[in-house]
Amino acid sequence: QAAGRFVRAHGRHFDRLCIGPRVRHRDTAQGLIEGWGVQPEHCATPELDEFADSHGLLTAVHVLAAADAAPPRGDHVDSQAGPPVADLQRLLRRIGAWAAGDLVLQGGPTLREFRTRVGLWLRSQLHEDQRHGAPGQARRTLAVTSGGVVAAAMCEVLELPDSHFLPLVSQVRNASFTELMSWRERPMLVSFIGTAHLPAELLSAI
C-alpha cells in the first residue's frame, strides 16, 4: 500500500500491471492497487514466478554436504521481522548451492534456465512496450514479482556471471522498486531496489 501511495503521490503512470503467479504476488499487487487507487489493465504472468520457495530449498535432498557447512559469502542478511538468523543463513547457503549447480530442485530450473526465462520475458516486454507506446513514448509496465526474478534480471541486464546472483538476491527489499528501460533495443538499468518511499519500520528483506 505504501508503494501504491508513492506511485499516486508522484503522478507515476503505468499502462499495464504484470503479476507473478504466486499468492504473495497477487496479495502484493492487491495492496499496491489499494494504495494507488487505480485499476490498470493487468495480467497473470507465469514468467515472473520464483525459481523455488523457501520450503523447497530447505528440504531439497540432492545437495552436496558442503552446501550447509560454511556461511554464505558476499551477502548481507537482514533478519528483522523474519525467521531465526540460523534459518536465514541456511536458506542463503542453499540458494548459493543452487546457483552454483550443487543443489538440484526436483522439477525446478537451474540458474541458467531461470536466467534465460527471465531474460527472454524482460527483453520481450521492453520490446512490446516500445511497440505499443504512444508516438515518441514507450508503454510503461509495472511488474510484481519476487527477489529471485529481480536478481536474475540484474544478472541479465548487466551481463554478470552467475556468481553475482546470491549477493544480488540477498539485497532485494520487499516492496522496493527496480526500474529498467530499453535503450537502442537493449535493456538498461535505471535503479535497483529503491526504498525511499518506505518508512524505516516497513523495510524488510528475505
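Contact is taken here as heavy atoms within 4.5 Å, and helices (H or I, at least four residues) and strands (E, at least two) are DSSP runs numbered from the N terminus. The model is a predicted one, in which local features need pLDDT of at least 70 and side-chain atom pairs count only at pLDDT 80 or more, whereas totals for chains, interfaces and linings use all residues. Residues are numbered from 1 along each chain as its sequence is written, and side-chain values use heavy atoms, with hydrogens and water left out.

**View 1. The meeting of helices H5 and H6.** Arg-112, Phe-114, Arg-115, Val-118, Gly-119, Leu-122 and Arg-123 of H5 are in contact with Gly-148, Val-149, Ala-152, Ala-153, Cys-155, Glu-156 and Val-157 of H6. The two axes come within 9 Å and cross at roughly 80 degrees, which makes H5 roughly perpendicular to H6. Axes are lines fitted to C-alpha atoms, for helices over the stretch in contact, with angles running from 0 to 180 degrees between N-to-C directions; angles under 35 degrees count as roughly parallel, over 145 as roughly antiparallel, 65 to 115 as roughly perpendicular and the rest as oblique.

**View 2. The two faces of helix H5.** Helix H5 comprises the 22 residues 111-132 and reaches 31 Å from its first C-alpha to its last, close to the 32 Å expected at 1.5 Å a residue, the expected span being 1.5 Å times one less than the number of residues. Its buried residues (buried means under 20% relative accessible area, exposed over 50%, partly exposed in between, with a 1.4 Å probe and protein chains only) are Leu-111, Phe-114, Arg-115, Val-118, Gly-119, Trp-121, Leu-122, Gln-125, Leu-126 and Asp-129. They cover an arc of only 165 degrees around the axis and therefore lie on the same side of H5, the arc being that of the directions from the helix axis to the C-beta atoms. An α-helix has 3.6 residues a turn, so residues three or four places apart point the same way. On the face of H5 turned away from the buried side are the exposed residues Leu-120 and Arg-131.

View 3. Just after H4 comes Gly-101, with a positive phi of about 85 degrees. Leu-92 also has its C-alpha atom 9.6 Å from that of Pro-167, although the two are 75 residues apart along the chain; Pro-167 lies in H7 (residues 165-169) and is partly exposed, at 24% relative accessibility.

**View 4. Gly-56 in helix H3.** Gly-56 is placed in H3 and, with a relative accessible area of 26%, is partly exposed. Its C-alpha atom is separated by 8.8 Å from that of Gln-106, a residue 50 positions away along the chain.

**View 5. Helix H1.** Within H1 (residues 2-9), Ala-2, Ala-3, Gly-4 and Val-7 are buried, and the buried residues of H1 pack against helix H2 (23-36) and strand S4. Gly-11, which follows H1, has a positive phi near 65 degrees.

View 6. Most residues other than glycine have a negative phi, and most peptide bonds are trans.

**View 7. The whole chain and its confidence.** The chain holds 7 helices and 5 strands, in the sequence order α-β-α-β-α-α-α-β-α-α-β-β, and 40% of its 206 residues count as buried. The mean pLDDT (the predictor's confidence in each residue, from 0 to 100) is 87, and 86% of the residues reach 70 or more. Over residues 72-81, however, pLDDT stays under 50, and the model has 23 contacts beyond four places in sequence for this segment. Where pLDDT is low, the predicted coordinates should not be read in detail.
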